Amino acid sequence: MILPLIPTTISHQNRRPRPKFSVSSGEKAADTFLWRNKKISAGVLGVATVIWVLFELLEYHLLTLVCHVLIFALVILFLWSNAYAFINKSPLCIPEVHIPKDPVIEFAEALRFESNLAFTVLRDIASGRDLKKFLYVIAGLWILSIVGSWCNFVTLFYLVFVLLHSVPVLYEKYEDKVDPFAEKAMHEIKKQCAVFNAKVLSKIPRGPSKEKNKD
């Protein structure tokens, strides 16, 4: 299996250990994307599809959708609570809904950890020590901006969500056929990057490093 070739931006000594919840949550996400539990995966993809249809095709606004759902739910519950005596049915037991504290804290902690990691990576890129990494990030953001101009955020998010539910499971199924092709592609990309580095990046003058300044 091919490991993603992502340049390390934080040294192993300074890297903070990931929270324990990230392992379990990562396993649950992997099981969903790889369709280990088909009911959960289909349900998640179905909910995402419904949300995309409501916001993109039917052009619902978030506040309007929330209000309509609440109106429908309250009307049904109110009518059922008052009509049970006429239809000889037991009264409806509306459960109490409470938001548990632990999942909210775990989500906030995960968001804080990933945000701090992203800020650290951006700071390392903006420091000017690695020109190649800087150009890669600029190129990636530029390509992302072009893709974003083709469709709105909801459609882009839905396409990414669908890809996450299709590409991993297809790769797992056809891994033996994909790996040789990916190895050739990565070899060619490395070759072209080396040529670009030798002809362009190496000729760009750079400022003195911190070690030289200290001397």
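This is a predicted model: local features need pLDDT of at least 70, side-chain atom pairs count only at pLDDT 80 or more; totals for chains, interfaces and linings use all residues.
**Entry 1**

I began with glutamate 172 and arginine 36, whose side chains meet in a salt bridge with an N to O distance of 2.8 Å. Because glutamate 172 sits in helix 6 (residues 153–173) and arginine 36 in the loop between helix 1 (21–33) and helix 2 (38–57), this pair ties together parts that are 136 residues apart in sequence.

Another joins the side chains of aspartate 124 and lysine 133, with 3.3 Å from N to O. Are these two partners buried or exposed? Aspartate 124 has a relative accessible area of 16% and is buried, and lysine 133 is buried too, with 9%; I applied the cut-off by which buried means under 20%.

**Entry 1: helix 4**

Helix 4 covers residues 101–126, 26 residues in total, and from its first C-alpha to its last it reaches 37 Å, close to the 38 Å expected at 1.5 Å a residue. Its buried residues are Phe113, Asp124 and Ile125. Which helix do the buried residues of helix 4 pack against? They pack against helix 5, residues 131–150. Just after helix 4, I found glycine 128 with a positive phi of about 85°.

**Entry 2: the fold and the annotated spans**

I then stepped back to the protein as a whole, which has eight helices and zero strands. Buried residues make up 10% of its 215 residues, and the accessible surface comes to about 18,000 Å², with carbon and sulfur atoms holding 69% of it. Of the contacts with a separation of 6 or more, 67% are between residues 24 or more positions apart.

From the record, an unreviewed UniProt entry, I took the feature "transmembrane region", which is placed at residues 40–58, 65–87 and 134–164. I checked two of these spans against the model. Residues 40–58 are 95% helix and 0% strand, with their end C-alpha atoms 26 Å apart, while residues 134–164 are 94% helix and 0% strand, with their end C-alpha atoms 27 Å apart.

**Entry 3: confidence**

The mean pLDDT of the protein is 77, and 79% of the residues reach 70 or more. Where does pLDDT stay under 50? One such stretch is residues 1–23, for which the model has 29 contacts beyond four places in sequence. Over residues 210–214 the pLDDT is also below 50, and this stretch has two contacts in the model beyond near neighbours in sequence.

Conventions
Residues are numbered from 1 along each chain as its sequence is written. Side-chain values use heavy atoms; hydrogens and water are left out. Helices (H or I, at least four residues) and strands (E, at least two) are DSSP runs, numbered from the N terminus. Buried means under 20% relative accessible area, exposed over 50%, partly exposed in between (1.4 Å probe, protein chains only). Contact means heavy atoms within 4.5 Å. Accessible areas come from the Shrake-Rupley method with a 1.4 Å probe; for residues, only the protein chains shown count as cover. UniProt positions are given in the numbering used here, feature names are shortened, and annotations may be inferred rather than shown by experiment. The expected span of a helix is 1.5 Å times one less than its number of residues. A salt bridge is a side-chain nitrogen of Lys or Arg within 4 Å of a carboxyl oxygen of Asp or Glu. pLDDT is the predictor's confidence in each residue, from 0 to 100.
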